[in-house]
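Hi there,

Here is the structure I promised to pass on to you. Have a look at it first, and then read my notes below.

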Amino acid sequence: MSSALYDLPGPRGRRRNALIGVLATVAILGLLAFVVYRFWETGQFEARRWEQFKFKAVQRELLEGLWFTLKAAGIAAVLALLFGAVFAAGRLSDRTLLRAPSTTVVELFRAIPLLILIFFGYYVPLQYGWSIDKMWALIIGLTLYNGSVLAEIFRAGINAVAKGQSEAAYAIGMRKNQVLRLILLPQAFRAMLPAIVSQLVVLLKDTALGFIITYPELLTVGKTIGGRLAFGLPYVPSYLVIAAIYITLCGMLSVLAWWLQRRMTRLPKSKAVEPVPLTDATRQI
Amino acid sequence: MTEFLRVLTDNWSLFADGFSNTVQLFLYSAVGSLVLGTLLGAFRVSPIPALRWFGATYVNIVRNTPLTLVFAFLVFAVPKLDVNIDYFPSACIALTVYTAAFVCEVVRSGVNTVAPGQAEAARAIGMTFDQVLGQVILPQAVRAMVPPLMSVMIAMLKNTTIAAGFSVLEAGAIPAYMSERGEPQFIVLIWITIGFLILITPLVLLQRSLERKWAVSR
């Protein structure tokens with residue numbers, strides 16, 4: 001590993017680093033041991049707090065929660081991709097009449113907190129007495145927000161294709177539509193695929209906001225399971241299980257994004273396009 | 001239009017309390033996550049493998065966990081460990097723990113943008129470690145870090161609304177109160193949106209101008 005911060009250590013440096021390494025390991029293990037001790041001290045490892053996960057009914061409850069999470073995420077993902085495509089096209093348009101409103105919409109929905117967008121879908125129909133499924137309130141929010149972020153990813157992907165590509169296409173007499181469809185999109189798609197997948201991880205994570213409007217997704221199920229007095233209010237085990245499910249799901253998708261990114265940078269079919277950066281913490285939060 | 005204004009003036013104290021709590025939540029969590037995140041970022045670029053591992057594990061776990069789950073764990077599960085924290089500090093801790101992972105990533109990639117040749121050249125002309133770090137590395141790294149850090153902070157400001165689901169009276173909790181008062185929610189939500197736009201727009205404009213100004217000189 002080469003870093004601007006430090007030289008390769010000499011003998012004394014290596015000794016010092018080894019010492020700090022040992023101390024750090026001890027500190028980390030100590031921290032973990034303290035957490036485990038707290039768990040043990042308050043009886044979180046007792047069998048009665050875990051045994052309900054052996055019941056078929058509880059497992060079905062968890063699976064149903066997972067299904068509700070995935071259903072909302074799936075529908076919202078499709079709608080957000082459509083929304084993103086439409087508004088990215090709008091922002092790339094030459095006509096101000098299309099570009100200005102698209103820009104406003106994308107900028108606006110990225111600035112509003114996602115939960116407030118979900119509340120628009122939840123409280124407003126409630127007030128007028130229209131019955132709307134909580135799932136659709138969640139999906140509306142997720143679509144508007146993630147669709148706007150995806151629009152920016154699409155636009156960045158198209159803009160990342162080297163200018164010479166579209167110039168050459170125009171020079172041989174293609175129309176704007178043809179340039180976009182035949183030249184820019186195929187190259188941009190490869191560049192943005194990893195970023196799109198990683199945005200879908202964000203969308204999947206954000207379905208957890210459904211908990212706040214009591215949509216019966218995983219977190220809501222977790223609270224039900226954790227709130228059972230007969231099993232000693234096993235909130236800790238229940239949320240640990242839910243966390244494990246989320247980390248596995250999102251982790252697998254993140255690995256897919258990372259793998260696509262590596263594949264893309266390792267086998268450059270086209271040198272005319274830079275991948276849309278994946279490790280963009282500012283987008284994933 | 002009068003109805004629109006009436007909703008704000010009639011419920012002014014609720015809006016004021018809500019947004020002032022949002023700002024407080026934001027400020028505490030901003031300080032907390034910047035400190036914790038920078039520390040974790042330093043771990044990730046340190047020469048000690050154990051610290052690098054710890055930083056990477058923290059980021060990978062937290063980044064793949066929904067913030068709402070972090071909140072739920074702190075509010076429902078942690079009291080079962082005989083650790084009792086009030087709702088507001090819980091919200092600050094949840095936001096800090098979650099946002100720190102993203103701050104850490106920004107710090108790490110910011111440091112990595114500085115080419116090793118910079119430090120080598122600085123050492124070659126006889127600068128000490130303090131000079132290399134203070135006059136060559138950090139000024140360049142900070143330029144790469146500040147705009148994305150501001151984006152992370154803006155995202156965190158929006159994330160404070162999640163505390164509404166966990167008994168903190170902040171801007172996101174206003175609609176629930178308004179339901180009881182029977183106010184028109186559409187207007188209420190528009191006012192909340194305006195409130196957030198007022199808070200966020202200056203930050204976004206500052207962030208973009210920094211990005212533009214500092215991008216040129218690389």
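Before anything else, one term: two residues are in contact if their C-beta atoms, placed from the backbone, lie within 7 Å. This is a predicted model, so local features need pLDDT of at least 70 and side-chain atom pairs count only at pLDDT 80 or more, while totals for chains, interfaces and linings use all residues. Residues are numbered from 1 along each chain as its sequence is written, and chains are lettered from A and ligands numbered from 1 in the order in which they are written.

With that in hand, take Leu138(A). Leaving aside its neighbours within four places in sequence, Leu138(A) is in contact with Ala72(A), Ile118(A), Thr207(A), Leu209(A), Gly210(A), Ile213(A) and Tyr215(A).

Next up is Leu142(A), which sits in helix α6 (residues 134–160) of chain A. (Helices, H or I with at least four residues, and strands, E with at least two, are DSSP runs numbered from the N terminus.) Is Leu142(A) buried or exposed? Leu142(A) counts as buried because it has 28 C-beta neighbours inside 10 Å. The cut-offs: a residue is buried if 20 or more other C-beta atoms lie within 10 Å of its own, exposed if 12 or fewer, and partly exposed in between, with C-beta atoms placed from the backbone. If you skip neighbours within four places in sequence, the contacts of Leu142(A) are Ala76(A), Ala80(A), Leu203(A), Asp206(A) and Thr207(A). Ile118(A) is 24 residues away from Leu142(A) in sequence, and their C-alpha atoms are 7.4 Å apart in space.

Now the core. The largest nonpolar core has 127 residues, and those with the most contacts inside it are Ile118(A), Leu138(A), Leu69(B) and Phe71(B). Helix α5 (residues 87–112) of chain B gives the most to this core, with 14 residues. By nonpolar core I mean a set of buried Ala, Val, Leu, Ile, Met, Phe, Trp, Tyr and Cys residues joined through C-beta atoms within 7 Å.

On to chain A as a whole. Chain A has 11 helices and zero strands, and 39% of its 285 residues count as buried. Its C-alpha atoms fill a box of roughly 75 × 75 × 30 Å along the principal axes. The radius of gyration of chain A is 25 Å, whereas a compact globule of 285 residues would have one near 19 Å. (That radius is taken over C-alpha atoms, and the globule rule is 2.2 Å times the number of residues to the power 0.38.) Chain A is divided into domain 1 (8–41) and domain 2 (49–284), with C-alpha centres 38 Å apart; these bounds come from an automatic or database domain assignment. Among contacts in chain A between residues at least 6 apart in sequence, 75% join residues at least 24 apart.

Chain B comes to nine helices and zero strands. Of its 218 residues, 44% count as buried, and its C-alpha trace spans about 70 × 45 × 25 Å along the principal axes.

How do the two chains meet? 50 residues of chain A are in contact with 55 residues of chain B. On the chain A side, α10(A) gives the most, with 10 residues. By class, that side of chain A has 33 nonpolar, 13 polar and four charged residues. Here Ala, Val, Leu, Ile, Met, Phe, Trp, Tyr, Cys and Pro count as nonpolar, Asp, Glu, Lys and Arg as charged, and the others, Gly among them, as polar.

Residues 66–257 of chain A are 81% helix and 0% strand, and residues 19–207 of chain B are 79% helix and 0% strand.

Finally, a backbone detail. Most residues other than glycine have a negative phi. Thr214(A), in the loop between α8 and α9 of chain A, has a positive phi near 55 degrees. Thr214(A) counts as exposed because it has 12 C-beta neighbours inside 10 Å. Leu233(A), in the loop between α9 and α10 of chain A, also has a positive phi, near 45 degrees. With 16 other C-beta atoms within 10 Å, Leu233(A) is partly exposed.

Cheers
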